[in-house]
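Here is a short report on one protein chain. Look over the structure, then read on.

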Amino acid sequence: MNQSPSVNRRAFLKLSAFSLGCGSLPNAFGRLSAQQKSADTALDYGPLRPVKDDVTGLPLLELPEAFRYVSYGWTGDEMEDGAKTPGAHDGMAVIQNEQGILTLCRNHELSSAFRTFGSRDIRYDSQAGGGCTNLQFDSQSGEWLKSWSSLAGTIRNCAGGPTPWGSWLSCEETTVDPSDESDLTETHGWIFEVPASEKSTATPLKHMGRFVHEAIAVDPDTGNVYETEDRGTAGFYRFTPTSAGQLSKGGTLEMLKVLGQPDLRKAGAVGQKYDCTWVPIEEPERAHRDAAQKDQHGCYAQGKDQEATTFARLEGCWYGNGLIYFDATSGGPKSAGQIWQFDPKNQQLMLLYASPGNDVLDQPDNLAVSPRGGIVLCEDGREVPQRLHGLTPDGRLFTFAKNHVQLNGDRNGFKGDFRNSEWTGANFSPDGKWLFVNLQTPGITFAITGPWGEGLL
């Protein structure tokens, strides 16, 4: 995507504006932490009970008292461009706010076994079924407005993240290519940029690395992009662009090295801080350790050769409160999940939370930080029902919602008990009034609102 110098300048301005807009978050975070340490009030928003959807009238979610929600974008629903809404809803975020009309971009974690959707001009590989759809929501009236195809022809678009300059970075969770699946026409394992309204160029950002991507977070002060890798032996990466806000112009990829800690997969010392540095990934487009060994470890192996640190299945990643948060789905002493925070200014890593067991926190996946400072965690594990949790600034966990989807052909012919389906794509509206989130199967998007108040989320 070619951009002029004036766009580059606007990108810097937007980066600065985004950073300033988030400036109140650390204070809010600190106030919330102090409140929680001194208050005798309940940790959560109260007991959960089935709540009927404002659209379908079906009790799809369990929520606290006085919270309500509006469903939209079910798999199979027709979109504005005539295409049917793809399934496997995954990562998602608000990427544009035009006087309360919000545009979100939503991933669809589909493979080459699914038919490609969307028009030819937004397709990367004509034989790949994954991609993105954009949705619009009126945050003042609480109504969903429309949706459309925004990126197609990709594979396993699991997560990604929003940029400060108003786009979405969609990540492929694979390194498959035509030599692995003969029907494919292109290599995969890339990051793609998706705009809010203009058409995507469907051009891979190859300098950002080829590996089993999961999520990204952008530091608005620098434009640096932090990337997670979803493997049992995973790295945490930083992409420093040549020009902030213009990722297509290239940059450098590095992997995190936690000093004295080559492997943090089982770490459980909550609150411990670690000093960090970075090692260069000289060949970011290398998918595997070597041509004969297709292990998806091309970037990871380069980092490990320089004593970079191993994590366990890194997934969700989000910027908030001046920090980069990410989780290790199978990390920790119980292999049930770790929540990490990285301080880019001081180059320090800290373990914020380690799950004591799957019954408490079951494999956290996507995550997001609210404008009030709390952290939303999406479960993707074995517990039924799957839950949506909140994590307070001082590392205390509570359950905010439960998956209650049980259908008998009520919508688009879906039948079955879907309460074991994972939560995905959690993120808040800029004013903090609406929480947007997906259930991957059967594929539903929700906008949740209620008495958020001053605390928790």
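## Salt bridges

A salt bridge is a side-chain nitrogen of Lys or Arg within 4 Å of a carboxyl oxygen of Asp or Glu. R289 forms one with D295, and their closest N and O atoms are 3.0 Å apart. Are these two residues buried or exposed, or in between? Buried means under 20% relative accessible area, exposed means over 50%, and partly exposed lies in between (1.4 Å probe, protein chains only). R289 has 36% relative accessibility, so R289 counts as partly exposed. D295 has a relative accessible area of 13%, so D295 is buried.

The whole structure holds 20 salt bridges. One of them joins the side chains of D177 and R210, at 3.4 Å from N to O. D177 lies in the loop between strand 9 (167-172) and strand 10 (191-195), and R210 in the loop between strand 10 and strand 11 (213-218), so this pair ties together parts that are 33 residues apart in sequence. Both D177 and R210 are buried. Another salt bridge links the side chains of E307 and K257, at 3.5 Å from N to O. E307 sits in the loop between helix 3 (298-304) and strand 16 (314-320), while K257 sits in strand 14 (residues 251-258), so the pair ties together parts that are 50 residues apart in sequence. E307 counts as exposed because its relative accessibility is 56%.

Residues are numbered from 1 along each chain as its sequence is written, and side-chain values use heavy atoms, with hydrogens and water left out.

The score pLDDT is the predictor's confidence in each residue, from 0 to 100. The protein chain averages 91, and 91% of the residues score at least 70. Where is the pLDDT under 50? Residues 1-14 are one such stretch, with 15 contacts beyond four places in sequence. A contact means heavy atoms within 4.5 Å. Residues 16-41 also have pLDDT below 50, and that stretch has 34 contacts beyond near neighbours in sequence. Where pLDDT is low, the predicted coordinates should not be read in detail.

## The whole chain

The protein chain has 3 helices and 28 strands. Helices (H or I, at least four residues) and strands (E, at least two) are DSSP runs, numbered from the N terminus. Along its principal axes, the C-alpha trace spans about 55 × 50 × 45 Å. Of the 457 residues, 61% count as buried. Take the contacts between residues at least 6 apart in sequence: 57% of them join residues at least 24 apart.

Two strands pair if DSSP finds at least two bridges between them.

How many bridges join strand 3 to strand 28? There are 5, and the two strands run antiparallel. Strand 28 covers residues 444-449. There, F446 is the bridge partner of S71.

Technical notes
Predicted model: local features only at pLDDT ≥ 70, side-chain atom pairs only at ≥ 80, totals over all residues.
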